[in-house]
Amino acid sequence: MSYGRTFPLWRAAAGGDWRAYTRHPFVAGLADGSLPRDAFLHYLVQDYLFLVHFARAWALAVTKADTIEEMRTCAATTQALIDDEMRLHVETCAAAGIDAAVLQAAEERPANLAYTRYVLDAGHAGDFADLLAALAPCVLGYGEIGARLADEATADTYRDWIGTYGGADYQALCAEVGALIDGAVARRLGPAPEDSPRWPGLCRRFATATRLEIGFWDMGLAP
Ligand SMILES: Cc1ncc(C[n+]2csc(CCO)c2C)c(N)n1
């Protein structure tokens, strides 16, 4: 999956950390069904809290956008997050006896806090491009993982999760976000963004968020 022009460059700049994120043992356990159920549910509860803050980050992106088209994509992503993605969490947890009140009252793990607040700070301290560089590993990494597992999964234990991220709707969102990033970077860094003095900083933001994704999977394996 390339999801545009910029993402493959940022992914390459993240080096081995990208592979450690997208081929983490947690991901392998989703693919072959060996991930213990309690680890998965613990991850989902933390991920619900994560999504609350990611919805805030995409809403912040609306306020940092420069064009109506950028605003529209960020507003649509905020809504999809709240209405579609969070539903997977709420419904899967409800089926396991974890109701909405328990989800909302759960305590955030430090790895979760670190990641979500890093992304929000990237948006507060920087501009739209900084925020997108911090958001990209999350959106596009899950797209890459979902597409691969849709092909390679050997068990259907976690088919709902895999179907959410490997499915056509989510893959279309990834293509849209990839195009949003390409346009935003071209608009702010010019036609040869790799030559801009801002380029290394954006690569660094992407790489940091990638490491925080690894930390999130690690946390998932330690209920
Ligand atoms: C730790 C963690 N990383 C990424 C995602 C995936 N994700 C988060 S927000 C969003 C919608 C668009 O931003 C998507 C797909 C997740 N759920 N949990």
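## Residue classes and the ligand shell

Ala, Val, Leu, Ile, Met, Phe, Trp, Tyr, Cys and Pro count as nonpolar, Asp, Glu, Lys and Arg as charged, and the others, Gly among them, as polar. By these classes, the shell around the ligand has nine nonpolar residues, one polar residue and three charged residues. The structure described here is a predicted model.

The ligand has 13 residues around it, and those that come nearest are Phe-54, Cys-138, Val-139, Tyr-142 and Phe-216. Four helices each supply at least two residues of this shell: α4, α5, α8 (128-152) and α11 (199-220). Helix α4 gives the most, with five residues.

## Helices α4 and α5

Helix α4 spans residues 37-64 and helix α5 spans residues 68-95. Their axes come within 9 Å and cross at roughly 165°. Angles over 145 degrees count as roughly antiparallel, so α4 is roughly antiparallel to α5. The crossing of the two helices is left-handed.

On the α4 side, the residues that meet α5 include Leu-41, Leu-44, Tyr-48, Leu-51, Phe-54 and Trp-58. On the α5 side, the residues that meet α4 include Met-71, Cys-74, Leu-81, Ile-82, Met-86 and His-89. The residues of this contact divide into 18 nonpolar, four polar and two charged. Phe-54 belongs to the contact with α5, and Phe-54 is also among the residues that come nearest to the ligand.

## The annotated domain

An unreviewed UniProt entry carries the annotation "domain: Thiaminase-2/PQQC" for residues 18-221. Over residues 18-221 the chain is 82% helix and 0% strand. The end C-alpha atoms of this stretch are 18 Å apart.

Notes: Residues numbered from 1 in each chain as written. Predicted model: local features only at pLDDT ≥ 70, side-chain atom pairs only at ≥ 80, totals over all residues. Axes fitted to C-alpha atoms, helices over the stretch in contact; angles between N-to-C directions. Parallel < 35°, antiparallel > 145°, perpendicular 65-115°, else oblique. Left-handed = near helix turned anticlockwise from the far one by under 90°. Contact = placed C-beta atoms within 7 Å. Near = placed C-beta within 6 Å. UniProt positions renumbered as here; feature names shortened; annotations may be inferred.
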